[in-house]
Amino acid sequence: MTPRGGFAVAELIPGPPCELCRGEGRRVVERHGIRRVGRCVCQRLPDRVALYNAAGVPAKHANCTLESFRVELARPTWVAVRRWTDSFEPGGGQSGLILAGEPGRGKTHLLAAVVRELVFRYGVAVKFVEFSHLLANIREGYDRKEGEARLLSPLVRAPVLAIDELGKGRGSDFETAVLDEIVSRRYNAQAGPLLATTNFPLRAPRARRESDSLSTMVLPTLSERLGERVWSRLKEACHLVEAAGDDYRITKGKA
Ligand SMILES: Nc1ncnc2c1ncn2[C@@H]1O[C@H](COP(=O)(O)OP(=O)(O)OP(=O)(O)O)[C@@H](O)[C@H]1O
Ligand SMILES: [Mg+2]
Ligand SMILES: [Zn+2]
């Protein structure tokens, strides 16, 4: 995986031409006695590479995989994500996945790793967006007088939508309204699963202690942040995982 232009890019090293289709990529296949022209199996990997390159995984997470995650530092989180990924069935009405926790717990690492698995293992198209970029794009679209349906369509139609840093921003009415629109349209259309990471906690933190980090003290819960409508749908449709452990950005230097 090579980072390029801000996004992670997978590259395919060309091999010898396929013997089944002589490098044409298509061939006649017979299924249940019916002959038709279809894509050759040799196109499976190039197709998945194209899906990955269209996903929009940030370059800095190009090499994040489930294998490169140090499991011993956050085993319950890793196990939950691994289980979700292993039980994924394309088009199977699967629940979504929300990873909530303080900074540096490996949430974006795991999100990028899941995207990689969905694309390369299951051949599913995923759209990865950072919440603030998503909002900025929509705002720019409105300024250009683009219609809402057209603007939201890629987010609503993506077979899997992965949102990093859900809820980050000022928490304005605009932000809530955009998210409400995306979540309820996906919900109504029974689009595929939504994956997300967030710094907003799933539960209200216990009473304040001296040792609490700043982020735990001041943040509202995710439900408070997103509002009842969005939260109600997410809670029903997503598996919620608390990303515990220490801040890897700090601990890695101490190891
Ligand atoms: N358990 C881990 N094993 C290996 N690398 C990790 C682990 N946890 C985090 N990292 C690495 O630490 C860096 C920070 O992790 P990441 O960006 O995933 O954190 P985050 O939980 O998304 O934080 P934030 O809430 O600030 O966005 C990344 O480079 C990530 O690959
Ligand atoms: Mg992150
Ligand atoms: Zn072929």
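## Arg22, out in the open

Arg22 counts as exposed, because its relative accessibility is 72%, and exposed here means over 50% relative accessible area, buried under 20% and partly exposed in between, with a 1.4 Å probe and protein chains only. The place of Arg22 is in the loop between β2 (7-9) and β3 (26-31). Strands are DSSP runs of E with at least two residues, helices are runs of H or I with at least four, and both are numbered from the N terminus. The backbone of Arg22 deserves a look too: its phi is near 50°, a positive value in a residue other than glycine. For comparison, most residues other than glycine have a negative phi, and most peptide bonds are trans.

A word on reading the model: this is a predicted structure, where local features need pLDDT of at least 70 and side-chain atom pairs count only at pLDDT 80 or more, while totals for chains, interfaces and linings use all residues. Residues are numbered from 1 along each chain as its sequence is written, chains are lettered from A and ligands numbered from 1 in the order in which they are written, and side-chain values use heavy atoms, with hydrogens and water left out.

## The chain as a whole

How many helices and strands does the protein chain have? There are ten helices and nine strands. The C-alpha trace spans about 70 × 50 × 35 Å along its principal axes. The chain has 255 residues, of which 42% count as buried.

## Around ligand 1

Ligand 1 sits in the largest pocket. On a 1 Å grid over the protein atoms alone, a pocket is an open set of points with protein on both sides within 12 Å along at least five of seven lines, whereas a cavity is a set where a 1.4 Å probe fits but cannot get out; lining residues have an atom within 4 Å of a point. To sit in either one, a molecule needs more than half of its atoms within 2 Å of the grid points. Two elements, α3 (107-122) and α10 (248-251), each give two or more residues to the shell around ligand 1. The largest share, three residues, comes from α3.

There are 16 residues around the ligand, and Arg70, Gly104, Lys107, His109 and Asn199 come nearest; a residue is near a molecule or strand if one of its heavy atoms lies within 4 Å of it. By type, the shell divides into four nonpolar, seven polar and five charged residues. In this scheme Ala, Val, Leu, Ile, Met, Phe, Trp, Tyr, Cys and Pro are nonpolar, Asp, Glu, Lys and Arg are charged, and the others, Gly among them, are polar.

## Polar contacts and cover

Which distances separate the polar side-chain atoms of Lys107 and Asn199 from ligand oxygens? For Lys107 the distance to an oxygen atom of ligand 1 is 2.7 Å, and for Asn199 it is also 2.7 Å. An N or O atom in the side chain of Glu165 lies 3.5 Å from a ligand oxygen. A polar contact is a pair of N or O atoms within 3.5 Å; within protein, one must be able to donate a hydrogen and the other to accept it, and residues adjacent in sequence count only if both atoms are side-chain atoms. The protein covers 85% of the 620 Å² of accessible area that ligand 1 has on its own, with areas from the Shrake-Rupley method and a 1.4 Å probe; for residues, only the protein chains shown count as cover.

Glu165 belongs to the loop between β7 (160-164) and α6 (173-189). Although it is not a glycine, Glu165 has a positive phi of about 60°. Glu165 counts as partly exposed because its relative accessibility is 24%.

## Helix residues and a loop residue

Ala112 is in helix α3 and is buried, since its relative accessible area is 1%. Between Ala112 and Leu66 there are 9.0 Å in space, C-alpha to C-alpha, and 46 residues in sequence. Ser223, in helix α8 (residues 222-226), is partly exposed at 24%; the C-alpha of Arg203, 20 residues apart in sequence, is 8.6 Å from that of Ser223.

Thr251 is found in helix α10 and is partly exposed at 27% relative accessibility. The C-alpha atoms of Thr251 and Gly33 are separated by 60 Å. Ala244, in the loop between β9 (238-242) and α10, is partly exposed as well, at 46%.
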